[in-house]
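Please keep the sequence and the model at hand while reading.

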Amino acid sequence: MSDGSAAQVTALGSALQAVPRSGWHVATVAATHRETPNATRLELDVVGWPGNAAGQHLDVRLTAPDGYQATRSYSIASSGSSTRVVLAVDKLPDGEVSPYLVDDVRAGDMLEVHGPLGAFFVWAPVAETGDDRPVQLIAGGSGVVPLYAMAHAHAGADDPTPFRLLYSVRTPDDVYFSDELGALAEASAPLRLDLVYTRRAPEGATTPAGRITREALEAAVIPAADRPRVYVCGSTGFVELVADWLVGLGHDPRSVRTERYGGT
Amino acid sequence: MEHVDGNALAGPLAEFFTFDVTTATGRCVGCGSIAELARAMVYRSGAGTVVRCGTCDNVLATIVESDDRAWIGFRGMSAIEVRRAPVVEERPA
């Protein structure tokens, strides 16, 4: 057998390890950082965390003094074998869990987390999967978190797959990972970044703020003829609108993977 | 009630199944379509969780949990395909 096959077998082995077994863990908040006026980035140290693939999520469980428990799912912004796990949490006005995570949590606090979870909405480098089709990422608001994890993993692996990220966001102040995304767009792994502002565009923008249209989507995504793999994450309404448009534009529904986080 | 999708079942069902259910594929008895459970629609309330086919809206499964047990029904799925982890053979170089 050639060296190529041996390398392929090794790559397959690492792909299997890319989605480790989930479990409950105690996480210690290592650092918090104001991500946007409405969101906080949380860096967690999780003893026993088995690593995670780019795009996976975890569940956070909070327990009140009277025993009442609330569990919510959050996408993971980091990937790889590290036990340092990064989240970016958007505050929901009537939320039971997110206001605590965004406004109250401090370094040293402890949380219960369950993960890593989900092997559907994940991306791994072409060296592991052998899939060299281009990748289109489409984010609505805080739905950018798992897609940022994919773009970050893509740059970290210096993966040659063409990536394009279309990010729909309210205002320039609401952009998550703003500096990091700018740096990823300059990295050697190919990433093209397109931002659509729905409420307020930056000064000097050529396109006024407004909801994304079918025409704007068509202009900013890899054409269906190039057979991209597409990942869409955002509110349920955003994801279903975009997914319907993509299928209407000729994208194969099986190549479109979606993750809906619910309302607003 | 705003629904989510089958990705959200990964955590709740990891308590009971040893494989990732979201990548398992199921056949809908309503329309016959076969899709990963991640592509299903998920409606949650205090009473429990209803999983509906992403194609025809037929009820695929229901999940009701209490403190010490869970009731998981697959009333609308005729088969679930679960992938085994492939055996990685050692090959001589």
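Leaving aside neighbours within four places in sequence, which residues is Leu137(A) in contact with? In this predicted model, the partners of Leu137(A) are Leu147(A), Met150(A), Ala151(A), Phe163(A), Arg164(A), Leu165(A) and Tyr231(A). One of these, Leu165(A), stands opposite Leu137(A) in strand S8 of chain A. Strand S7 (residues 135-140) and strand S8 (residues 163-169) of chain A run parallel and are joined by six bridges.

In chain A, five strands form an open sheet in the order S9-S8-S7-S10-S11, and their pairing is parallel. Strand S9 (191-197) and strand S11 (256-260) of chain A each have a single partner strand, and therefore one side of each is left without a neighbour in the sheet. From one strand to the next, the twist averages 10°.

At least three residues of the core come from each of domain 1 (18-117) and domain 2 (126-260) of chain A.

Is H4(A) largely enclosed by the rest of the structure or largely open? Twelve of its 13 residues are buried, so H4(A) is largely enclosed by the rest of the structure. The buried residues include Leu147(A), Tyr148(A), Met150(A) and Ala151(A), and among them are also His152(A) and His154(A). Just after H4(A), Asp158(A) takes a positive phi of about 50°.

The domain division gives the next level of description. Chain A is divided into domain 1 (18-117) and domain 2 (126-260), and the C-alpha centres of these two domains lie 24 Å apart. Where they touch, 14 residues of domain 1 are in contact with twelve residues of domain 2. On the domain 1 side, the elements that give two or more residues are strand S1 (23-36) and strand S5 (84-90) of chain A.

Three strands of chain B form an open sheet in the order S3-S2-S8, with antiparallel pairing. Its edge strands are S3 (34-36) and S8 (77-81) of chain B, each of which pairs on one side only. The twist here averages 25° from one strand to the next. Strands S2(B) and S8(B) run antiparallel and are joined by four bridges; Thr25(B) has Glu81(B) in S8(B) as its bridge partner.

The loop between helix H1 (10-14) and strand S2 (25-28) of chain B contains Phe16(B). Why does Phe16(B) count as exposed? Phe16(B) counts as exposed because it has 12 C-beta neighbours inside 10 Å, and the cut-off for an exposed residue is 12 or fewer. Not counting residues up to four places away in sequence, Phe16(B) touches Ala70(B) and Ile72(B). Phe16(B) and Ala70(B) are separated by 54 residues in sequence, while their C-alpha atoms are 8.8 Å apart in space.

Technical notes
Residues numbered from 1 in each chain as written. Chains lettered and ligands numbered in written order. Predicted model: local features only at pLDDT ≥ 70, side-chain atom pairs only at ≥ 80, totals over all residues. Pairing = 2+ DSSP bridges. Axes fitted to C-alpha atoms, helices over the stretch in contact; angles between N-to-C directions. Domains from an automatic or database assignment. Contact = placed C-beta atoms within 7 Å. Buried ≥ 20, exposed ≤ 12 C-beta atoms within 10 Å, placed from the backbone.
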